[in-house]
Amino acid sequence: MINLVWLIPLFPLLGFLINGLGRNTLSKTVVGFVGCLTVLASFAVSIGIFLELNSSETKSFIIPIFDWISAGSVKIPFSFLVDPLSALMLLIVTGIGFLIHVYSTGYMHHDAGFGKFFSYLNLFIFFMLLLVLGSNYVVMFIGWEGVGLCSYLLIGFWFSNSAYASAAKKAFVMNRIGDLGFLIAVFLIFTTFNSVEFASVFPQAANMASGDSTLILITALLFVGAIGKSAQIPLFTWLPDAMAGPTPVSALIHAATMVTAGIYMIARSNILFTLAPETLGVVSIIGLATLFLAAAIAVSQTDIKKVLAYSTVSQLGYMFLGLGVGAYTGAFFHVITHAFFKALLFLGAGSVIHAMSNEQDMRNMGGLKKKLPVTFLTMMIGTIAIAGLPPFSGFFSKDEILAHVYEHNKVFWVIAVIGAMFTAFYMFRMMFLTFNGGFRGTTDQEHHLHESPASMTIPLIVLAVLSALGGLIGIPAVLGGGHWLESFLAPVFAVSATKTGAMTLDHTTEYILMAISVAAALIAMLYAYSRYVKQAHVPADDRTDRGMLARLSYNKFYVDEVYNSLITRPLDALSGFFYKTVDKAGIDGIVNGFGKGAVEASKGFRLLQTGMVGFYIFMMVAGILALLFYSMYKI
Amino acid sequence: MEILLLQIFIPLIAALIILVSGKTIVRGLAGAFSLVSLLITVYLYLNFTPDATTQFLVDLAWIPQFGIHFKAGVDGISMVLLLLTNLLIPIIVLSSFKQDVKDQNAFYALIFFMQSGLLIVFTALDAFLFYIGWEVALIPVYFICALWGGENRIKVNLKFFVYTIAGSLLMLLAIIYLHLQTPGNSYDIAEFYKLELDSVTQGWIFWAFFIAFAIKMPVFPFHTWQPDTYTEAPTTGTMLLAGIMLKMGIYGVIRWLIPVAPLGFQAWGETALILSVIGVVYASIIAFTQNDIKRLIAYSSIAHVGLISAGIFAWNVQGLQGAMIQMLNHGINVVGMFFIADIIIRRLNTRDLSLMGGIAKPAPMLAIAFLIVLLGTVALPLTNGFVGEFLLLMGVYNFNIWYAAIAGLTIILGAVYMLRMYQKVMLGQVNTSTSAFLDLDGTEKSVLLIISVLIIFIGVYPQPILNISEAAVINLLDQVNQKILVK
């Protein structure tokens with residue numbers, strides 16, 4: 001079965017080709033079937049591979065496909081790696097991918113670009129699978145940039161809206177800033193290890209000293225790549241804008257899968273990072289700063305998707321914080337649970353938007369729980385899960401990260417727990433504003449309110465079950481579990497584990513930490529309840545004067561504006577300066593000066609000639625050719 | 001008859017036949033002849049052994065009293081350029097069928113005339129022959145631009161012509177000087193390679209050749225003729241210039257400049273590399289705010305060619321192999337880009353980006369083709385551009401990490417200006433002039449289909465092309481490195 005791994009990306013690629021070529025001729029039913037079934041087929045193969053790997057003694061398989069690029073000593077095979085990390089990621093990508101494809105058949109049903117949408121979605125799955133499966137950094141990079149392309153295409157799906165098209169461009173460009181870091185890291189990896197294959201790089205790296213400057217540089221550059229792809233400070237502003245894309249895209253690409261690629265890549269390269277503690281320090285600080293900043297923005301957003309977008313940025317921050325303190329399993333655990341509950345929340349938000357005739361402003365919602373009971377219940381499960389309340393999945397993964405953070409740095413822990421309070425607050429705020437109280441929209445919208453069709457609610461229900469129970473794969477020893485995930489992933493992190501040692505917290509401390517974070521989340525929830533349900537508070541409209549902090553949060557700390565005036569506009573000015581002053585007046589001026597001088601000097605000689613330059617040239621060439629033919633004829 | 005002579009002279013014969021043929025059959029003849037050249041190249045390719053030797057050698061005493069030989073041959077490096085030339089000419093000819101060209105006989109005759117010159121340049125093993133080919137290629141394109149160009153063509157063209165002639169003259173001086181230094185007063189490249197001139201002299205040789213080649217590519221700061229010329233030239237002329245002709249300069253650096261003046265290269269190569277890298281960033285930044293679609297592509301071409309040049313001056317296998325494959329890729333992509341620009345300009349009668357917008361809606365086929373060409377240009381993995389840029393940047397990286405980091409900015413900057421252009425042209429709302437935009441017709445579809453297939457095929461499976469030149473490149477590297485190390 002493992003040898004058939006190439007089928008996994010092949011199915012969605014075929015889906016892309018069929019739907020892409022037949023987007024105008026195939027019926028929506030056929031398009032939907034092709035789109036969903038190809039991903040389902042990949043999911044089936046992924047399950048088979050997972051089961052085989054689980055029972056196999058060997059935990060790492062390399063499957064070569066063909067030789068891709070070679071030049072001198074550089075040899076880059078196109079080959080795949082199946083190990084516990086990629087096997088789990090395959091399940092997430094194809095499993096959640098399948099659910100979101102099914103959901104999209106309902107959500108996008110009325111869209112004229114139905115076929116195009118499904119072909120892009122399949123293409124995305126294809127590239128994401130390459131990213132996950134690549135057995136070396138360059139194949140990973142194919143997927144890495146390929147998902148960026150699909151993200152661009154899908155954010156700008158409704159391209160007639162210029163703002164959406166700009167958001168798409170912004171996402172691509174910001175990702176590319178990271179990609180340059182990734183690419184230079186690849187070069188450095190090659191010159192250091194004479195290979196880009198994971199199987200060759202990691203064993204060599206394991207023999208290097210901790211704190212080796214080359215490793216620090218490599219990991220720092222890889223992290224730059226991760227910052228771009230996973231929307232961390234300072235490259236996070238593209239992700240909220242990416243909400244311009246259709247909501248299933250936000251769920252699949254901008255929550256569950258693509259944006260976690262940075263975490264996947266670092267987890268994959270864990271040995272390099274373990275031996276570069278300085279880089280890990282930076283990773284944890286960036287993660288911490290991002291989780292806090294994004295959470296502080298999310299608390300005052302009024303667009304339901306923007307809340308979830310900043311929440312995603314914030315949760316990704318938690319994952320990086322986890323990586324930074326060496327909690328590789330915990331971070332990846334959070335990747336999995338987050339994929340469940342954030343996909344659920346986005347799809348739920350999509351269901352709300354669908355019912356609200358494309359309204360996204362929560363100030364115009366309210367009281368939807370009676371009309372959308374399934375959406376409400378499933379989203380509530382997702383909210384409890386992300387808030388970190390037991391026994392839902394987010395509790396286990398977040399607490400595993402927090403425990404490691406506590407052991408590592410108490411201040412970081414405090415900030416992370418405050419972040420978790422914010423999380424609980426903005427999530428319940430979103431739920432209450434949307435589903436409680438009275439309806440605040442127009443009568444037209446009210447008239448049109450309806451629960452979504454089964455194609456949309458069934459994925460919600462499946463994801464709700466996963467969000468509720470997903471934590472079971474990683475119940476820690478302190479709660480009487482065996483932490484299946486940890487033992488399954490152990491081979492991937494084995495070498496790193498020998499360098500760092502296990503967590504030393506005693507059970508009492510762990511219980512206390514859990515109690516504190518649960519209490520913090522409950523307090524935040526109750527506060528949100530009293531403010532938005534009891535007092536029925538509704539966020540003020542845009543023109544209202546806000547206090548300083550509220551204004552900063554509401555306006556996203558003006559990060560976009562700062563980038564605009566510090567980077568975009570100076571670059572445009574530089575462009576104009578280079579063009580008009582340096583190129584036209586400067587260099588070309590000098591050249592023209594030469595030209596004018598030559599023209600003046602030649603005025604005298606010109607009298608000797610007829611001035612028909614073209615004629616002379618033709619004669620010259622004709623002469624050369626005659627000479628050529630003559631001499632050849634002679635021979 | 002030698003197959004290589006056939007390859008070189010069939011276009012010339014084609015030019016003469018087309019010059020006197022009836023108007024109705026000109027296009028058919030042009031298409032047919034361009035395919036014949038391509039077929040011969042395919043034949044050469046199939047019979048080519050990818051080792052370091054020169055094959056299909058032709059050596060005729062041409063003007064023996066001056067030591068001038070018609071000596072030409074094909075090694076791996078030349079083979080790639082033959083492929084480039086003879087693959088692009090049919091595409092360019094096919095694309096020109098969309099143009100409303102007056103006096104077609106002269107037009108197509110000039111194209112084939114030029115093709116002959118190019119093929120001489122890419123195979124010549126005699127410096128005099130190389131120079132002849134160089135001028136023979138230049139003159140037709142001068143006429144194409146002067147006779148079929150835009151409003152400012154005369155002024156712009158004069159600058160182009162003076163620029164290139166000035167470069168050519170420097171090169172001619174260098175060639176004559178080298179000729180006089182050889183023991184038997186020869187123009188044979190092998191004799192040039194054997195010369196043991198002191199490093200100061202080689203420095204002069206280096207600059208004489210470098211300026212000629214740098215103007216042709218063009219490399220910063222010898223580039224100011226290029227945006228004007230690309231903008232004013234008829235699209236076919238621009239395609240010939242950007243797709244094929246500028247590769248004469250790149251090829252010249254690989255075949256003549258560095259091997260003939262290795263010590264000059266040792267002294268000045270890094271300077272040339274730095275100029276190339278500056279050009280990458282400089283031209284990219286200028287491209288940011290261009291509102292003329294052709295001028296924007298012209299500046300982007302300067303940036304891309306700068307990277308190729310940087311990869312060569314880094315002088316290692318990755319850089320050179322990257323340059324080889326990227327010459328082909330750049331040819332394909334830039335021809336695609338200018339063809340798309342031409343489709344848009346012909347439909348809208350303007351080159352101004354601010355008057356465009358929303359075209360993706362009425363013209364979805366064009367939107368897809370444009371996107372594929374764009375992705376090749378911004379070097380997305382699995383397109384041809386990535387293979388080239390990856391190897392080039394790796395080559396520069398092996399020379400110096402900082403130069404690679406700066407040149408690597410092209411990855412970001414390229415995305416900025418290309419996506420900006422795409423957005424301005426294709427996305428957003430349609431306006432009154434773009435709302436009725438006609439999608440691709442049959443010919444346009446075929447041209448862009450061929451280009452798209454090439455972009456993706458080379459991106460997925462580049463090895464056949466890399467294999468052609470690898471042995472020859474390694475051989476050349478060894479040859480030069482030995483001379484540098486001996487000193």
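Colleague: How many helices and strands are there in chain A?
Modeller: In this predicted model, chain A has 25 helices and two strands. Its radius of gyration is 29 Å, close to the 26 Å that the globule rule gives for 635 residues, so chain A is as compact as a globular protein of that length.

Colleague: And what does the C-alpha trace span along its principal axes?
Modeller: The C-alpha trace of chain A spans about 100 × 65 × 50 Å, and buried residues make up 55% of the 635 residues in the chain.

Colleague: Switching topic, what does the domain assignment give for chain A?
Modeller: The assignment gives domain 1 (1-135), domain 2 (136-554) and domain 3 (560-634) of chain A, and the centres of domain 1 and domain 2, taken over C-alpha atoms, are separated by 23 Å.

Colleague: How many residues of domain 1 are in contact with domain 2?
Modeller: In chain A, 37 residues of domain 1 are in contact with 49 residues of domain 2. On the domain 1 side, the elements giving two or more residues are β2 (74-82), α3 (84-107) and α4 (114-133) of chain A, and α3(A) gives the most, with 16 residues.

Colleague: What is that side like by class?
Modeller: The side of domain 1 of chain A that touches domain 2 has 27 nonpolar, eight polar and two charged residues.

Colleague: One more, on α5(A): is the helix mostly covered or mostly exposed?
Modeller: Helix α5(A) is mostly covered, with 19 of its 19 residues buried. This helix, residues 137-155 of chain A, reaches 26 Å from its first C-alpha to its last, close to the 27 Å expected at 1.5 Å a residue.

Notes:
Residues numbered from 1 in each chain as written. Chains lettered and ligands numbered in written order. Predicted model: local features only at pLDDT ≥ 70, side-chain atom pairs only at ≥ 80, totals over all residues. Helix = DSSP H or I, 4+ residues; strand = E, 2+ residues; numbered from the N terminus. Expected span 1.5 Å × (residues − 1). Buried ≥ 20, exposed ≤ 12 C-beta atoms within 10 Å, placed from the backbone. Rg over C-alpha atoms; globule rule 2.2 N^0.38 Å. Domains from an automatic or database assignment. Contact = placed C-beta atoms within 7 Å. Nonpolar A, V, L, I, M, F, W, Y, C, P; charged D, E, K, R; others polar.
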